[in-house]
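Please look at the sequence and the structure below.

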Amino acid sequence: MARNLDHFVCNVAHSVLGERTKIPTSLRAIIASPRPEQEFSVTYYETMKLVLSRIGAKRALANQSAGRRAFAQLARSQDVFELAAQLTLYLADDGSIAIDQLDEQSPVTRSGANVVAVFAGLLSMLADPDEPDREAMIPAATELALALQEKVLDLYHKKDTSALAALLERCANHV
């Protein structure tokens, strides 16, 4: 029921606020946009749907409103990688993703799925901002996040924003 309500509210918001973005936007473009909270929330939602599907999450819900709140609260960060690290910690903690079922063949554990998914989504938003096919970058970012999931989870548990930002910066060049 919550999933249906969130989906309904998001659709109403998109119809009132403007056309739904199909291609996820880079984090740099979001920051420079006239409505960054709106842009981030839409991009976060669309990106997380694709990431969650790639990691084998079934009946999963990404809360677009949580993405908007997180961005509004944290967007004061001057460094894009620092912002992405802060968003990763915040969004992985605040229940912005609900996974009802994880495929038995999923490459992530249930306990680490949210963290790895948020990291992958933000990593895809940090990749080359000039890439015309941004949606194609999401699988590459997800695979990289899966390969580094032990490191990502370790930094998440330590709440090491600086090290997480450095990891995102190193990885963004490889997506």
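Why are Phe40 and Tyr44 separated by about one helical turn? The two residues are four apart in helix α3 (residues 36-54), and therefore about one helical turn lies between them. Helices here are DSSP runs of H or I with at least four residues, numbered from the N terminus.

The model is predicted, so local features need pLDDT of at least 70 and side-chain atom pairs count only at pLDDT 80 or more, while totals for chains, interfaces and linings use all residues. Residues are numbered from 1 along each chain as its sequence is written, and side-chain values use heavy atoms, with hydrogens and water left out.

The structure contains two aromatic pairs. Rings of Phe, Tyr and Trp (its six-membered ring) pair if their centres lie within 6.5 Å; planes under 30 degrees apart count as stacked, over 60 as edge-to-face and the rest as tilted. Phe40 and Tyr44 make a stacked pair, with 5.8 Å centre to centre and 20° between the planes. Phe40 is buried, at 0% relative accessibility, and Tyr44 is buried at 1% (buried means under 20% relative accessible area, with a 1.4 Å probe and protein chains only).

Phe40 also pairs with Phe71, again stacked, at 5.0 Å centre to centre and 20° between the planes. This pair links distant parts of the chain, since Phe40 is in helix α3 and Phe71 in helix α4 (residues 64-74), 31 residues apart. Phe71 has 2% relative accessibility and counts as buried. Phe40, Tyr44 and Phe71 belong to one aromatic cluster.

Definitions and conventions
Buried means under 20% relative accessible area, exposed over 50%, partly exposed in between (1.4 Å probe, protein chains only).
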